[in-house]
Amino acid sequence: AKFYGTKDEKITIHNEEELHKILADLEDAEYEVVDVKRGERSKKAPLPFTTSTLQQEASKALNFATSKTTMMLAQQLYEGVDIKGSGTVGLITYLRTDSTRISEEADANARAYVGKAYGEEYVAETASEQKQKNDGKNIQDAHEAIRPSDVTRVPAEIKESLTRDQFRLYQLIWKRFVASRMQPAKYETTSVKIGADDYRFTVSASKIIFEGFRLAYVESDEEKQSGNVMVNSIDKDSELTKESFDYKQHFTQPPAHYTEASLVKTLEELGIGRPSTYAPTISTILGRRYITKEAKNLYITEIGEVVNNIMKQSFPSIVDVNFTANMEGLLDMVEEGKVQWKVVVSNFYPDLDEAVQKAEKELEEVKIEDEVSDVQCDQCGRMMVIKYGPHGKFLACPGFPECRNTKTYFEKIGVSCPKCGKDIVIKKTKK
């Protein structure tokens, strides 16, 4: 149970003195159950996938890189896979979409499937609707959500015809779509107030009473959460004994680094780009080494910072987040015929042209120092530096052009070899 405060108000503990005073008061207190509230809450079924939510969920649940893996595999599933006994079949609908709309026929088929496979009580009465976000920003509704082309093509039945990753992605899309046509999950919640003289502690838990859509699909975020089961069996007459106090000081944390999934989410929220652009955007800035990826986190590199500062200095209006979202809005208005495209271009182009010409004159050459390695050049004795080539990093002699010595660069992983004690390095084979 967590400390709440007194019976009259919530208390925030500011320093160690306050903490010790409260602990001293609590030491000999009698603990009793003051209040038990039971209630019910329900959790709605998730919406079927759009490009953005598919990339985020595949990154979290399957550990796929947004850019290449998820979109490449989705493209293969969309174009068609050779299924035993059926020939080449397109397994999913179009993979670049920002709509959660489902055709009536697919909706009816999915409901029929849910009724047959799980039971009529699991079929949703109405489908969840997508809230219009970004102040009613025009969601291009040309394509349906990403769903299986035929809901009766159960992942397990076609597993043999798919590669491991194709199967995992298809299964994710299939489960999410089926779940979107199912009843909400229902939970019984219990919250308990514990009294210790004038002080109060609180603890709450929930247990599932109706699985609903969770029979088919559980989101990756939710799998990790588990409630305190003991709480459900507590009532007013339960006797409580104090085991120990566990007090920790918390500091506010800075925001976490972006992962590919959280970056896609932010791009979508800010209205930057369209479903088809998230993946290429991320692979471009990774490819140009403006950011690097370690574990799942994205970190900005030195060259990334330099480029960003130059862009902010010379083109402040273009690298502004709102500019990109406004441009999307203007292009939507051109599409609807409300604005002439020439008006959009003539408003935008002269300023850009002027900024580019000014930048070409004024911007100085930026030199980023090469990272020095701990390897000595065996031809001239200088310490070699790390350079980037088309195939990644390599070692080169800084005495170029007099000394043209180069070597392959092997990244050390910080673990020594159990047999001889030397560093273990990462090597890439042709495959």
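1. Let's begin with a glycine. Gly399 sits in the loop that runs between strand E11 (392-396) and strand E12 (406-408). With a relative accessibility of 4%, Gly399 counts as buried. From C-alpha to C-alpha, Gly399 and Met384 are 8.8 Å apart in space, and 15 residues separate them in sequence. Please keep in mind throughout that this is a predicted model.

2. Next, the largest nonpolar core. This core has 45 residues, and the members that touch the most others are Leu77, Leu91, Leu162, Leu169 and Tyr170. At least two core residues come from each of helix H2 (51-62), helix H3 (66-79), strand E3 (81-83), helix H4 (104-117), helix H6 (164-180) and strand E5 (185-196). Which of these elements gives the largest share? That is H6, with nine residues.

3. Now to a pair of helices. How do H11 and H12 run relative to each other? The axes of helix H11 (residues 321-335) and helix H12 (residues 341-362) cross at roughly 155° and come within 9 Å. An angle over 145 degrees counts as roughly antiparallel, and H11 and H12 are therefore roughly antiparallel to each other. On the H11 side the contact is made by Phe323, Met327, Leu330 and Val334, and on the H12 side by Trp341, Val344 and Phe348. By residue class, the contact of H11 with H12 has seven nonpolar residues, no polar ones and no charged ones.

4. On to the charged pairs. How many salt bridges does a search of the whole structure find? There are 16. In one of them the side chains of Glu160 and Lys84 meet, at 3.3 Å from N to O. This pair links distant parts of the chain, 76 residues apart: Glu160 is in the loop between helix H5 (155-158) and H6, while Lys84 is in the loop between E3 and strand E4 (87-89). Are these two residues buried or exposed? Both Glu160 and Lys84 are exposed.

5. A salt bridge within one helix is worth a look too. Asp165 and Arg168 meet through their side chains at 3.3 Å, N to O. Both residues lie in helix H6, three residues apart, which is about one turn of the helix. Asp165 is partly exposed, at 25% relative accessible area, and Arg168 is also partly exposed, at 22%.

6. Another bridge involves H6 as well. The side chains of Glu219 and Arg176 form a salt bridge at 3.6 Å, N to O. Glu219 belongs to the loop between strand E6 (199-210) and helix H7 (220-223), and Arg176 belongs to helix H6, so the pair ties together parts that are 43 residues apart in sequence. Glu219 counts as partly exposed at 24% relative accessibility, whereas Arg176 counts as buried at 7%.

Note on methods
Residues are numbered from 1 along each chain as its sequence is written. This is a predicted model: local features need pLDDT of at least 70, side-chain atom pairs count only at pLDDT 80 or more; totals for chains, interfaces and linings use all residues. Side-chain values use heavy atoms; hydrogens and water are left out. A nonpolar core is a set of buried Ala, Val, Leu, Ile, Met, Phe, Trp, Tyr and Cys residues joined through side-chain atoms within 4.5 Å. Buried means under 20% relative accessible area, exposed over 50%, partly exposed in between (1.4 Å probe, protein chains only). Helices (H or I, at least four residues) and strands (E, at least two) are DSSP runs, numbered from the N terminus. Axes are lines fitted to C-alpha atoms, for helices over the stretch in contact, and angles run from 0 to 180 degrees between N-to-C directions. Angles under 35 degrees count as roughly parallel, over 145 as roughly antiparallel, 65 to 115 as roughly perpendicular and the rest as oblique. Contact means heavy atoms within 4.5 Å. Ala, Val, Leu, Ile, Met, Phe, Trp, Tyr, Cys and Pro count as nonpolar, Asp, Glu, Lys and Arg as charged, and the others, Gly among them, as polar. A salt bridge is a side-chain nitrogen of Lys or Arg within 4 Å of a carboxyl oxygen of Asp or Glu.
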